[in-house]
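Please read them with the structure open beside you.

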Amino acid sequence: MTKRFTYEVAVRWSDMDAYGHVNNARFLTLYEEARVAMFFVGARAQGLTSFEDGIVIARHEIDYLRPVDYGDPVRIELWVSQLRTAAFTVSYELFDGDVLASRAKSVCVPYNLAEGFPRRLTEPERAFLEPYLDV
């Protein structure tokens with residue numbers, strides 16, 4: 001089985017909408033927190049800091065399967081579903097307790113923020129991503 005990065009994210013009162021559940025746009029924020037943890041905390045724990053130099057999002061795709069209410073943190077599991085030379089896709093599943101509440105994907109592009117252009121993945125970056133690859 002492919003390795004998954006797992007992250008718990010607190011649901012904040014400000015994430016709620018008028019209907020009493022997490023607003024659809026806030027799902028992106030929850031996914032972002034998990035993705036940032038993977039590329040800043042998880043990668044750094046393995047001695048890799050180059051993702052911190054820049055990653056931009058080229059595309060998001062979200063399927064909402066059930067509402068999420070305020071309460072306990074949600075669990076987000078991440079893996080890589082596509083790995084290309086200069087882009088990769090992160091896939092997610094968001095669990096409310098043990099119930100799958102949402103699925104999503106983000107196309108990520110390594111980016112040189114200092115000079116303002118996309119770049120190719122480095123070999124150390126590929127080595128970090130490959131254990132999470134599940135196509």
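1. Start with accessibility. A residue is buried under 20% relative accessible area, exposed over 50%, and partly exposed in between, using a 1.4 Å probe and protein chains only. By that scale E130, at 43% relative accessibility, is partly exposed. E130 lies in the segment after helix 2 (123-129). Helices (H or I, at least four residues) and strands (E, at least two) are DSSP runs, numbered from the N terminus. L83 is 47 residues away from E130 along the chain, yet their C-alpha atoms are separated by 8.0 Å.

2. Know what you are looking at. This is a predicted model, where local features need pLDDT of at least 70, side-chain atom pairs count only at pLDDT 80 or more, and totals for chains, interfaces and linings use all residues. Residues are numbered from 1 along each chain as its sequence is written, and side-chain values use heavy atoms, with hydrogens and water left out.

3. Now the salt bridges. Side chains of opposite charge can pair when their charged atoms come close. The rule here is a side-chain nitrogen of Lys or Arg within 4 Å of a carboxyl oxygen of Asp or Glu. The structure holds 11 salt bridges.

4. Which parts does the pair of E77 and R4 tie together? E77 is in strand 3 (residues 74-83) and R4 is in the segment before strand 1 (5-9), so the bridge joins parts 73 residues apart in sequence. The N to O distance is 2.8 Å. E77 is buried, at 15% relative accessibility. R4 is partly exposed, with 28%.

5. Look next at R26 and D15. Their side chains form a salt bridge at 3.7 Å, N to O. R26 is in helix 1 and D15 in the loop between strand 1 and helix 1, 11 residues apart. Is D15 buried or exposed? D15 is buried, with a relative accessible area of 0%. R26 is partly exposed, at 30%.

6. R44 and E52 also pair, with their closest N and O atoms 3.0 Å apart. Both partners are partly exposed: R44 has a relative accessible area of 43%, and E52 has 27%. Elsewhere, salt bridges that share partners join R4, R75, E77, E93 and R103 into one network.

7. A charge sits over a ring if NZ of Lys or CZ of Arg is within 6 Å of the ring centre and within 35 degrees of the ring normal. The charged end of R4 sits over the ring of W79, 3.8 Å from its centre. R75 does likewise with the ring of F95, at 4.3 Å.

8. Rings also pair with each other. Rings of Phe, Tyr and Trp (its six-membered ring) pair if their centres lie within 6.5 Å. That gives 9 aromatic pairs. Ring pairs link F39, F51, F88, F128 and Y132 into a cluster.

9. Last, the largest pocket. On a 1 Å grid over the protein atoms alone, a pocket is an open set of points where a 1.4 Å probe fits, with protein on both sides within 12 Å along at least five of seven lines; lining residues have an atom within 4 Å of a point. Its volume is about 150 Å³, meaning the space filled by probe spheres set on the points. Helix 1 (24-45) and strand 2 (55-64) each supply at least two lining residues, and helix 1 gives the most, with 5. F39, F51 and E52 are among the lining residues.

Methods: Rings of Phe, Tyr and Trp (its six-membered ring) pair if their centres lie within 6.5 Å; planes under 30 degrees apart count as stacked, over 60 as edge-to-face and the rest as tilted.
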